[in-house]
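Subject: Handover of a structure, with notes

Hi,

Here is the structure I promised to pass on. My notes follow below it.

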Amino acid sequence: MDKRKLKHYEKLLLKKRKDIVEELDLIRKSLSEGFESSGEISSYPSHMADLGTDSSEKEMLSMIMTTASEMLNDIDEALVKIAEGSYGSCELCENDINLERLDFIPYTKYCIKCKAKQDISIRGIM
Ligand SMILES: [Zn+2]
């Protein structure tokens, strides 16, 4: 991948990283304030927000926090790869990851084919 492209994805990753850190801050705040400001996390799928009681809401928030922390890890790994020059290739098959996919999920480690295979095996269909 050429340097201009790498810069572009580095920017995307840093922006995403900032968004997630802010989101995590909001969640931590709403956890300590008893959900007065929980409207701020409405960008998550609504079926997850319909769980009802306080305890399941807390559970949901901690789930989101886990997901967000994992995402932060992936973003940091992607940033290391940009620095090392190995960014943009799939960790499994080593093919180049589709650029449209990287624009959408700049922290992805796998090409669309390997990701699909993984999702299927996680669901236990295979
Ligand atoms: Zn692959």
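First, a term: a residue is buried under 20% relative accessible area, exposed over 50%, and partly exposed in between, using a 1.4 Å probe and protein chains only. By that rule Gly88 is buried, with a relative accessible area of 8%.

Some ground rules. This is a predicted model, in which local features need pLDDT of at least 70, side-chain atom pairs count only at pLDDT 80 or more, and totals for chains, interfaces and linings use all residues. Residues are numbered from 1 along each chain as its sequence is written, and side-chain values use heavy atoms, with hydrogens and water left out.

Overall picture

The protein chain has five helices and zero strands. Helices (H or I, at least four residues) and strands (E, at least two) are DSSP runs, numbered from the N terminus. The order from the N terminus is α-α-α-α-α. Of the 126 residues in the protein chain, 29% are buried. The accessible surface is about 8700 Å², and carbon and sulfur atoms account for 53% of that. Those areas come from the Shrake-Rupley method with a 1.4 Å probe; for residues, only the protein chains shown count as cover.

Contact means heavy atoms within 4.5 Å. Take the contacts in the protein chain between residues at least 6 apart in sequence: 50% of them join residues at least 24 apart.

The zinc site

Which residues hold the zinc ion? Cys90, Cys93, Cys111 and Cys114 coordinate the zinc ion, each through SG, at 2.2 to 2.4 Å. Donors are N, O and S atoms within 2.8 Å of the metal (3.2 Å for Na, K and Ca); water is not among the atoms, so sites may look incomplete. The site is tetrahedral, with angles of 105 to 116° among its four donor atoms. The donor spacing in sequence is C-x2-C-x17-C-x2-C.

The core

A nonpolar core is a set of buried Ala, Val, Leu, Ile, Met, Phe, Trp, Tyr and Cys residues joined through side-chain atoms within 4.5 Å. The largest one has 24 residues. Leu13, Ile20, Leu24, Ile75, Ile82, Tyr87 and Cys90 touch the most other members. α1 and α3 each supply at least two residues of this core. The largest share, 10 residues, comes from α3.

The aromatic pair

Rings of Phe, Tyr and Trp (its six-membered ring) pair if their centres lie within 6.5 Å; planes under 30 degrees apart count as stacked, over 60 as edge-to-face and the rest as tilted. The count is one aromatic pair. The ring centres of Tyr9 and Tyr87 are 5.7 Å apart with planes at 45°, so the pair is tilted. Tyr9 lies in helix α1 (residues 3-33) and Tyr87 in the loop between α3 and α4, so the pair ties together parts 78 residues apart in sequence. Tyr9 is buried at 0% relative accessibility, and Tyr87 is buried at 6%.

The loop between α3 and α4

Gly88 lies in this loop. Leaving aside neighbours within four places in sequence, Gly88 is in contact with Met1, Asn95, Asp96, Ile97 and Leu102. Gly88 and Tyr9 are 79 residues apart in sequence and 9.4 Å apart in space, C-alpha to C-alpha.

Glu94 is in the loop between α3 and α4 too. Glu94 has a positive phi of about 65°, although it is not a glycine. Glu94 is exposed, with a relative accessible area of 64%.

Regards

Key: Tetrahedral: all angles 85-135°; square planar, octahedral: opposite > 155°, others 65-115°.
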